[in-house]
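Open the model in your viewer and keep the selection panel at hand. Each stop below says what to select and what is there.

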Amino acid sequence: MASGDLDALLRVTSSTYRGETPPDIAFGTYDGAVGRLVLAVTGKGIAACSFERENDVFELVSRHVGTFIGNDARRLDPVRRELDAYFSGRLRAFATPVDWALATTFARSVLQKTTAVPYGTTTTLEEIGQSIGRPRALRAIGNALASNPVCVIVPCHRVVREDGALGEYAGGASAKQHLLNVEQRASAARR
């Protein structure tokens with residue numbers, strides 16, 4: 001599906017509910033300091049905040065979450081405002097709830113541990129493994145972090161290698177470093 005096809009599909013879906021029932025899943029994008037993030041918000045919360053291509057996220061969401069998808073600013077704009085506040089260093093914790101529909105049970109257990117990592121700090125795969133009682137499952141933990149469907153909001157960027165190196169990140173090393181720098185600068189400014 002080409003990007004134009006996705007735009008056309010969202011326009012058709014959006015026009016069918018104007019004045020009627022809003023879509024089950026609000027779908028759109030956010031262009032910020034680390035590039036374009038693709039967003040999907042359900043009635044339970046944010047199901048996707050992804051660096052992946054729009055079409056790929058759309059297909060994943062429609063396959064695993066639901067097919068009534070449209071551009072609903074009423075649900076997307078609060079997430080966008082939180083992302084703006086986060087990137088400017090004014091927001092330390094997201095209020096938007098997470099809908100874990102796109103995460104496996106194991107990935108959810110790993111990713112929920114990353115939400116407990118304090119703003120402006122980092123942890124390691126080994127520490128995550130210890131905290132979930134799976135100290136030897138480092139590859140599986142790395143895969144769970146790599147498949148994080150809700151990047152930035154679920155802060156997998158706070159997980160670094162044991163030697164202090166950044167390690168892999170869906171948005172790339174520069175995006176990961178930028179996120180860590182935002183948090184470190186904001187934390188230093190509040191001291």
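Select Glu 183 and Tyr 86. Their side chains make a polar contact at 2.7 Å. A polar contact here is a pair of N or O atoms within 3.5 Å; within protein, one must be able to donate a hydrogen and the other to accept it, and residues adjacent in sequence count only if both atoms are side-chain atoms. This is a predicted model: local features need pLDDT of at least 70, side-chain atom pairs count only at pLDDT 80 or more, and totals for chains, interfaces and linings use all residues. Residues are numbered from 1 along each chain as its sequence is written, and side-chain values use heavy atoms, with hydrogens and water left out.

Stay on Glu 183. This residue sits in helix α7. Helices (H or I, at least four residues) and strands (E, at least two) are DSSP runs, numbered from the N terminus. Is Glu 183 buried or exposed? Glu 183 counts as buried because its relative accessibility is 1%; the cut-offs are under 20% relative accessible area for buried, over 50% for exposed, and partly exposed in between (1.4 Å probe, protein chains only). Show its surroundings: Glu 183 touches Tyr 86, Tyr 119, Gly 120, His 157 and Arg 158, leaving out residues up to four places away in sequence. Contact means heavy atoms within 4.5 Å.

Now the sheet. Four strands form an open, mixed sheet in the order β3-β2-β1-β4. Strands pair if DSSP finds at least two bridges between them. β3 and β4 (69-70) are the edge strands; each has a single partner, so one side of each lacks a neighbour in the sheet. β1 and β4 run parallel, with two bridges. Pick Ile 25 to find Ile 69 of β4 opposite. Helix α2 (54-64) packs on the sheet, touching β1, β2, β3 and β4, at about 155° to β1. α3 also packs on the sheet, touching β1, β2 and β3, at about 25° to β1. Axes are lines fitted to C-alpha atoms, for helices over the stretch in contact; angles run from 0 to 180 degrees between N-to-C directions.

Move to β2 (35-41) and β3 (46-50). They are antiparallel and joined by four bridges. Val 41 has Ile 46 as its bridge partner in β3. Four residues lie between the strands of this hairpin, where Gly 45 takes a positive phi near 145°. Five of the five residues of β3 are buried.

Next, color the nonpolar core: buried Ala, Val, Leu, Ile, Met, Phe, Trp, Tyr and Cys residues joined through side-chain atoms within 4.5 Å. The largest core has 39 residues, and Leu 83 and Val 152 touch the most other members. α3 gives the largest share, six residues. Which residues does Leu 83 touch? Beyond four places in sequence, they are Tyr 30, Leu 37, Leu 39, Cys 49, Phe 94, Val 152 and Ile 153. A second, separate core of 10 residues includes Phe 27, Ala 40, Val 57 and Leu 102.

Select Leu 102, in the loop between α3 and α4. Its relative accessible area is 18%, so Leu 102 is buried. Asn 148 is 46 residues away in sequence, yet 8.5 Å away C-alpha to C-alpha.

Last stop: the cysteines. The whole structure has zero disulfides, a disulfide being a pair of cysteine sulfur atoms within 2.5 Å. From Cys 49, the closest cysteine sulfur is in Cys 151 at 6.8 Å, too far for a bond. From Cys 156, the closest is also in Cys 151, at 4.6 Å, again too far.
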